[in-house]
Amino acid sequence: MTQLVRTNLPTLKKTASYYVVHVTVAALVAYAVTGNFLLAITLSLLEPTVQAFAFFFHEKAWQRWGGEQAALATARA
């Protein structure tokens, strides 16, 4: 687990930053729509938590496939 964190530290920091921004925006939007503070907090924590995990794996896939694309382009040049 420690090796995973060390290897992916920049992505994990970016994911955490994205999570904080997303939770804040989601809470404000949910409260504006529902007018219910408890419901707004619940929604704002649930959805961005799922999104944060999705973002992390999306970022890793993007890095992997983007790296392969760059290697192919370099090999062709």
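1. Glutamate 59 is located in helix H3. In this predicted model, the residue counts as buried, because its relative accessibility is 14% and the cut-off for a buried residue is under 20%. Apart from neighbours within four places in sequence, glutamate 59 is in contact with Thr11 and Lys14.

2. Side chains of opposite charge can pair when their charged atoms come close. The side chains of lysine 14 and glutamate 59 form a salt bridge, with a distance of 3.6 Å from N to O. Because lysine 14 belongs to helix H2 and glutamate 59 to helix H3, the pair ties together parts that are 45 residues apart in sequence. The two partners may be set side by side: glutamate 59 is buried at 14% relative accessibility, whereas lysine 14 is partly exposed at 46%. A search of the whole structure finds one salt bridge.

3. The next point concerns aromatic side chains. How many aromatic pairs does the structure hold? There are two. In one of them, the rings of tyrosine 18 and phenylalanine 55 have centres 5.0 Å apart and planes at 20 degrees, so this pair is stacked. Tyrosine 18 lies in helix H2 and phenylalanine 55 in helix H3, which spans residues 37–76, so the pair ties together parts that are 37 residues apart in sequence. Tyrosine 18 is partly exposed, with a relative accessible area of 33%, while phenylalanine 55 is buried, with a value of 17%.

4. The other pair is made by phenylalanine 56 and phenylalanine 57. The centres of their rings lie 5.2 Å apart and their planes stand at 85 degrees, so the pair is edge-to-face. Is each of these residues buried or exposed? Phenylalanine 56 counts as buried because its relative accessibility is 13%. Phenylalanine 57 counts as exposed because its relative accessibility is 54%.

5. A nonpolar patch on the surface is formed by Met1, Leu4, Val5, Leu9 and Leu12, which together have about 460 Å² of accessible area. Helix H1 (2–7) and helix H2 (9–34) are the elements that give two or more residues to the nonpolar patch. As an example, leucine 9 lies in helix H2. Leucine 9 is partly exposed because its relative accessible area is 37%.

6. The chain as a whole may now be described. It holds three helices and zero strands, and its pattern along the sequence is α-α-α. Of the 77 residues in the chain, 19% are buried. The accessible surface of the chain amounts to about 6100 Å², and carbon and sulfur atoms account for 72% of this area. Among contacts between residues at least 6 apart in sequence, 64% join residues at least 24 apart.

7. The chain has an average pLDDT of 85, and 86% of the residues score at least 70. Which elements have the lowest and the highest mean pLDDT? Helix H3 has the lowest, at 82, and helix H2 has the highest, at 91.

How values were computed
Residues numbered from 1 in each chain as written. Predicted model: local features only at pLDDT ≥ 70, side-chain atom pairs only at ≥ 80, totals over all residues. Heavy atoms only, no water. Patch = residues over 30% accessible without salt bridge, like charges linked within 9 Å, V, L, I, M, F, W, Y side chains within 5 Å. Areas by Shrake-Rupley, 256 points an atom, 1.4 Å probe, with all protein chains shown as cover. Salt bridge = Lys/Arg side-chain N within 4 Å of Asp/Glu carboxyl O. Helix = DSSP H or I, 4+ residues; strand = E, 2+ residues; numbered from the N terminus. Buried < 20%, exposed > 50% of the residue type's maximum accessible area, 1.4 Å probe, protein only. Phe/Tyr/Trp six-rings, centres within 6.5 Å; stacked < 30°, edge-to-face > 60°. Contact = heavy atoms within 4.5 Å. pLDDT = per-residue confidence, 0-100.
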